[in-house]
Amino acid sequence: MSMNPHRVTSFTARRSWSAAAARCVHQPGPAFHSAAAAALNFKSNPSTPAPPVRTTIVHHQAALPNTFTTQPHRNLHTTTAKMSTTPDASASAAQLIEKSKLLAANRAVTEHLSPTYRHIGIGSGSTVIHVVDVISKLGPAITGPMTFYPTGDQSRDLIQAAGFRLGYIADLSPGHALDVCFDGADEVDPALNLIKGGGACLLQEKLVATAARKFVCVADSRKISNHLGTAWKKGIPIEVFPMAVPQVLGELERLGSLSAQVRSGLPGKAGACVTDNGLRIVDAVFKPLLTELPEGKQEGEEGVWTVDGLARRLIEIPGVAEHGLFYGKSGLEVESGGAQKPVAAYFGMEDGSVMVQTLEKGLVKA
Ligand SMILES: O=C[C@H](O)[C@H](O)[C@H](O)COP(=O)(O)O
């Protein structure tokens, strides 16, 4: 019997790994702050593997090459690792994380949003809610002359709820760059490569980030990582045309993916998660990604890839619209725009401080 790869095979209750997963949409409410409240439920612990929907690839032992360390770099560890499981403790840990995101957003906006800017990209996810909140507090005298460009339905709703002028990336004339784009990330490595798409937004995020002269990432301490795939264990989100899903899954297996599955829309939507672009998300787990290939090794040998090597290979698969690896050059290297990597990543820490990571200085206190 042939199986329909789009069909979700089980509807049993699952852990919510993206409360807004079905369409990457927060609860659009009349008030801006209803969206902020929804952030608390947006995603569960990023280090928790996603529950299987339909797995077509045999799971192997996820052995780390001996060059890896599984410690977060510079011994910065996260709130969630230390959390107790009591409801009160979980709630206060979640509040602490939200507070740390707000502090990071505040710092990022202070340092990267000039009042002279006119075209601002707004990414997706729970952290970006704080970015919009911070920007809206600047007041209409500053934000009035600005136009804000969303990366999906959620950020469009945020922009409108904040009363900002809405623009669309499709309406930018060729060669016209945004001044800055603020967006979150699921994982950030020391070279500022990112995994994005945990909330099913990535294609429009890449369009907006690369349209900006300056892409600034805002996150919390759980996203800091030495190797992509060690903090965010749910796999690399890949946006795929529905008709291509079986072929893409087969190709991912050939590339050494340890598991790959079509993301479920549960708990918000029965069936597959449908992106803002009407596509599917396949989450593909690979061995932790390197920033440099070990001497004498080939890309993909024994399933070991560099970020750049895998990113280039994934986009070549027919039926893949885009993937959640942001890699290559950063905005500092490409002044006119076109870069996928941020110029800086701001992390809210559990002690109330903010760390900033750049290519020049590494990870330092902001
Ligand atoms: O698909 C979602 C986007 O890539 C988000 O920017 C990313 O998942 C980070 O989201 P959050 O700020 O909620 O952790």
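**Entry 1. Criterion and model**

I take a residue as buried when its relative accessible area is under 20%, as exposed when the value is over 50%, and as partly exposed in between. The model I examined is a predicted one.

**Entry 2. Leu-192**

I looked up Leu-192 with this criterion in hand: at 0% relative accessibility, it counts as buried. I located Leu-192 in the loop between strand S5 (187-188) and strand S6 (194-195). Its phi is positive, about 70°, although the residue is not a glycine. I note for context that most residues other than glycine have a negative phi.

**Entry 3. Glu-302**

I then turned to another residue with a positive phi. Glu-302 is not a glycine, yet I read a phi of about 55° there. Is Glu-302 buried or exposed? With a relative accessible area of 59%, Glu-302 is exposed. I placed Glu-302 in the loop between S10 and H9.

**Entry 4. Whole protein**

I recorded the overall composition next. The protein has nine helices and 15 strands. It comprises 366 residues, and 57% of them count as buried. I noted an accessible surface of about 15300 Å², with 54% of that area belonging to carbon and sulfur atoms. Of the contacts between residues at least 6 apart in sequence, 74% join residues at least 24 apart.

**Entry 5. Helices H3 and H4**

I examined the packing of helix H3 (residues 87-112) on helix H4 (residues 126-136), and found an angle of about 50° with the axes 8 Å apart. H3 is therefore oblique to H4. The crossing of H3 past H4 is right-handed. Which residues of H3 and H4 make the contact? On the H3 side I listed Glu-98, Lys-101, Leu-102, Ala-105, Asn-106 and Val-109. On the H4 side I listed Ser-126, Thr-127, His-130, Val-131, Val-134 and Ile-135. Sorted by class, the contact of H3 with H4 holds six nonpolar, four polar and two charged residues.

**Entry 6. Helix H8**

I listed the buried residues of helix H8 (residues 245-254) as Val-245, Val-248, Leu-249, Gly-250, Glu-251 and Leu-252. What covers these buried residues of H8? I found that the cover includes strand S8 (236-240), strand S9 (259-262), strand S10 (280-285), helix H9 (307-316) and strand S11 (320-323). Just after H8, I recorded a positive phi of about 100° at Gly-256.

**Entry 7. Helix H9**

I followed H9 from there. In H9, I marked Val-307, Gly-309, Leu-310, Ala-311 and Leu-314 as buried. The buried residues of H9 pack against S8, H8, S11 and strand S12 (325-326).

I looked up Lys-233 and found it in the loop between strand S7 (215-220) and S8. Its relative accessible area is 39%, and Lys-233 is accordingly recorded as partly exposed. I also noted the separation of the C-alpha atoms of Lys-233 and Lys-287, which is 9.8 Å, for residues 54 apart along the chain.

The peptide bond from Leu-266 to Pro-267 is cis, and its omega is near 10°. Most peptide bonds are trans.

Terms used: Residues are numbered from 1 along each chain as its sequence is written. This is a predicted model: local features need pLDDT of at least 70, side-chain atom pairs count only at pLDDT 80 or more; totals for chains, interfaces and linings use all residues. Side-chain values use heavy atoms; hydrogens and water are left out. Helices (H or I, at least four residues) and strands (E, at least two) are DSSP runs, numbered from the N terminus. Buried means under 20% relative accessible area, exposed over 50%, partly exposed in between (1.4 Å probe, protein chains only). Contact means heavy atoms within 4.5 Å. Accessible areas come from the Shrake-Rupley method with a 1.4 Å probe; for residues, only the protein chains shown count as cover. Axes are lines fitted to C-alpha atoms, for helices over the stretch in contact, and angles run from 0 to 180 degrees between N-to-C directions. Angles under 35 degrees count as roughly parallel, over 145 as roughly antiparallel, 65 to 115 as roughly perpendicular and the rest as oblique. A crossing is left-handed if the near helix is turned anticlockwise from the far one by less than a right angle, and right-handed if clockwise. Ala, Val, Leu, Ile, Met, Phe, Trp, Tyr, Cys and Pro count as nonpolar, Asp, Glu, Lys and Arg as charged, and the others, Gly among them, as polar.
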